[in-house]
Amino acid sequence: MKATAIAHSNIALIKYWGRAAVADPGLNIPLNDNISFTKNSMIDDMKLQTITTIHFDEIYDRDSAEVNGEKLSGRKLERILRVIDVLRSEAKSNIKFRMKSINDFPTQAGLASSASAFAALTLATASALGLKINREQLSTVARLGSGSAARSLHDGFVYFHSASSHEQAFAEQICEPGHCDMHAVIAIVDESEKKVTSDAGHDLSAASPFNDIRIQRSAEQVMEMRQAILEHDFSAVGKIAEANCKYMHAVMMTSEPPLFYWNPETLRIIKKVMSLRQQGLETYFTIDAGPNVHCLCRPEDVETLTIELAALEGVKKLIPVRPGRGAYLADEHLF
Ligand code: DP6
């Protein structure tokens, strides 16, 4: 009863920000339908992935979990138990486990490490318990750990449904990674842990006077985005993604208390992206709950864009990524 899964993080093109008002907010049901692509890094020293091994066995007298060498307890352990307990009860098992996980990228820096973490955990746990569950159902379980993790189970471009029930709030694939020719260069300006997690940020969104407008516009943009991806219209995807990102940050900045995730370097990159576009290099920015920026571009522009961004003050690292593989099982275990 041991399994190992590998999962990658994803970048939202239509953002999830704020949870649906259902009886149990812990269900992490997004307030609005959203879209992402699962990203695979194009450099070996930072694959932006999580590897997780879980082993259920009678030899363990208690549940234990370790992430990047840190033994989990309290809220962190509870969060992973939410996912594991649903699957344990589905398997009608109460066997204890040992879990070990390794992330190869800075946690909590707006690169969605919990997305890959909970996608890998969900797939590994379901497999170790011998459960046959399809990806859409698995995505609802991953969502209990982290909303965006629901999307990381799938390859390529992914649609995550808002809904009024747990079962209906699932993520499904829109199309394969290669369908829409698009890459991104992630500009890392700060690798430290963010002070307000997305978990806490979701609850603040309702206090912004712009929240309703964002939800209303996102409902239109999510349909336009889906269409643009299916028509592999890079310009439309970029324009809608950038607009949707600005709406989310407007909500964040006008919440109570306000959330300013940007650094001066973030704004420097935004301005660079806009000026490069004027000069004919078509690139668009999108930013999650952190200061780092994803610059969307065509595959043939990755190199030039990387050179342009590297010249900016405060840019610490550049990671080229492309739409890629979702969560999958591996034969080699961590213990
Ligand atoms: C801004 O609740 O999924 O990235 O669990 O911290 O990864 P974490 O965040 P989650 O919220 C994601 C918020 C977002 C936008 C998005 O990915 O849609």
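Predicted model: local features only at pLDDT ≥ 70, side-chain atom pairs only at ≥ 80, totals over all residues.

Does cysteine 245 count as buried or exposed?

Modeller: Cysteine 245 counts as buried, because its relative accessibility is 0%. The sulfur of cysteine 245 has its closest cysteine sulfur in cysteine 295, at 11 Å, which is too far for a bond. Cysteine 297 is likewise in no disulfide, and the cysteine sulfur nearest to that of cysteine 297 belongs to cysteine 295, 8.1 Å away. Cysteine 297 is buried, with a relative accessible area of 0%. A disulfide is a covalent bond between the sulfur atoms of two cysteines, and the structure holds zero of them.

From here one can turn to the backbone. The loop between helix 7 (234–253) and helix 8 (264–278) is the place of proline 257, and the peptide bond that leads from glutamate 256 into proline 257 is cis, with omega near -5 degrees. In the loop between helix 6 (211–230) and helix 7 one finds histidine 232, which is not a glycine and yet has a positive phi of about 35 degrees. The relative accessible area of histidine 232 is 49%, so this residue is partly exposed. Lysine 92, a residue other than glycine, also has a positive phi, near 50 degrees. Lysine 92 sits in the loop between helix 1 (74–90) and strand 7 (97–103), and with a relative accessible area of 77% it is exposed.

A further loop, the one between helix 3 (135–145) and helix 4 (149–152), holds serine 146. Serine 146 is buried, its relative accessible area being 6%. When its neighbours within four places in sequence are left aside, serine 146 is in contact with Asn28, Arg79, Ser114, Ala115 and Phe118.

The charged side chains come next. Side chains of opposite charge can pair when their charged atoms come close. A search of the whole structure finds 15 salt bridges, and a few of them can be followed here. One joins arginine 88 to aspartate 63, with a distance of 3.0 Å from N to O. Because arginine 88 lies in helix 1 and aspartate 63 in the loop between strand 4 (49–56) and strand 5 (64–67), this pair ties together parts that are 25 residues apart in sequence. Arginine 88 is buried, with a relative accessible area of 7%, and aspartate 63 counts as buried too, at 15% relative accessibility.

Another salt bridge is formed by the side chains of lysine 272 and glutamate 308, at 3.3 Å from N to O. This pair links distant parts of the chain, since lysine 272 is in helix 8 and glutamate 308 is in helix 9 (residues 302–310), 36 residues apart. Glutamate 308 counts as partly exposed, at 26% relative accessibility. Lysine 47 forms a salt bridge with aspartate 44, and the closest N and O atoms of that pair are 3.5 Å apart. Lysine 47 is partly exposed, with a relative accessible area of 34%, whereas aspartate 44 is exposed, at 67%. Salt bridges also link Arg19, Arg75, Asp199 and Asp203 in a network.

That leaves the nonpolar side chains. In soluble globular proteins, nonpolar side chains tend to be buried together. The largest nonpolar core has 39 residues, of which Ile54, Phe56, Ile80, Leu87, Phe97 and Leu121 touch the most other members. At least two residues of this core are supplied by each of strand 1 (2–8), strand 4, helix 1, strand 7, helix 2 (113–128) and helix 3, and helix 2 gives the largest share, eight residues. Apart from this core lies another, of 29 residues, among them Met182, Val222, Ala228 and Ala241.

Phenylalanine 97 brings two of these topics together. Leaving aside its neighbours within four places in sequence, phenylalanine 97 is in contact with residues that include Ile54, Phe56 and Ile80, which are named above among the core residues that touch the most other members. The contacts of phenylalanine 97 also include Asp63 and Arg88, the two partners of the salt bridge at 3.0 Å.

Technical notes: Residues numbered from 1 in each chain as written. Heavy atoms only, no water. Disulfide = S-S within 2.5 Å. Buried < 20%, exposed > 50% of the residue type's maximum accessible area, 1.4 Å probe, protein only. Helix = DSSP H or I, 4+ residues; strand = E, 2+ residues; numbered from the N terminus. Contact = heavy atoms within 4.5 Å. Salt bridge = Lys/Arg side-chain N within 4 Å of Asp/Glu carboxyl O. Core = buried A, V, L, I, M, F, W, Y, C linked by side-chain atoms within 4.5 Å.
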